[in-house]
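Let's take a look at a protein model and its aromatic rings.

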Amino acid sequence: MRQWLLLTLLIGVAGTPHGKDPEDIVGIWRLVSMVRPDSSGRSKPFWDERPVGLLIYAADGQVSAQLYDSRRPRLGVRWETASAEAARTAYVGLITYFGTYSVDRASRTISHKPEGAMSPDWIGSTMVRSYRFLGPDRVELRVLTTGDGQRVTNGSVMVWERVR
């Protein structure tokens, strides 16, 4: 009996499609890595080795994304009084937006449609990412179209880990 129960449990676990259904994307994800492939196929960090980010996919189709370069220097003043150069440095070290998302299971893509964004040009666009689950709590997203709708061949690759 004990062997039968163990075998049944193992078959059930092995047959479970961990991280394979689009619904599995729902949750809170922390950025693990973010790289930019070059034309030779090698990758280099998008910002540095320690990007910081949080990506939230809600069950009702809402998405929120915040990604930051961990090297951004402190402004040292209230943000609205920062110099133009300090503001530019802070701005180029972040990617933020919120809106809705949809999953296309057949093409293994997720489309983000920003309703609010750090760049006003992104609002109303469709930002397409391919997705690939690396395990039940890890997902890789590859940029296929940018915030301004441009299709890219060597888009950034981000690995996200589920927050438990």
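Predicted model: local features only at pLDDT ≥ 70, side-chain atom pairs only at ≥ 80, totals over all residues.

A residue is called buried when its relative accessible area is under 20%, exposed when over 50%, and partly exposed in between, using a 1.4 Å probe and protein chains only.

Residues are numbered from 1 along each chain as its sequence is written, and side-chain values use heavy atoms, leaving out hydrogens and water.

## Ring pairs

Rings of Phe, Tyr and Trp (its six-membered ring) pair if their centres lie within 6.5 Å; planes under 30 degrees apart are stacked, over 60 edge-to-face, and the rest tilted. You'll find 4 aromatic pairs here. One of them joins Y97 and W122 edge-to-face, with 6.1 Å centre to centre and 80° between the planes. This pair links distant parts of the chain, 25 residues apart: Y97 sits in strand β5 (residues 94-104), and W122 in the loop between β6 (109-117) and β7 (127-135).

Y131 and F133 also pair edge-to-face, at 5.9 Å centre to centre and 75° between the planes. Both Y131 and F133 are buried.

pLDDT is the predictor's confidence in each residue, from 0 to 100. The protein averages 86, and 87% of the residues score at least 70.

Technical notes:
Helix = DSSP H or I, 4+ residues; strand = E, 2+ residues; numbered from the N terminus.
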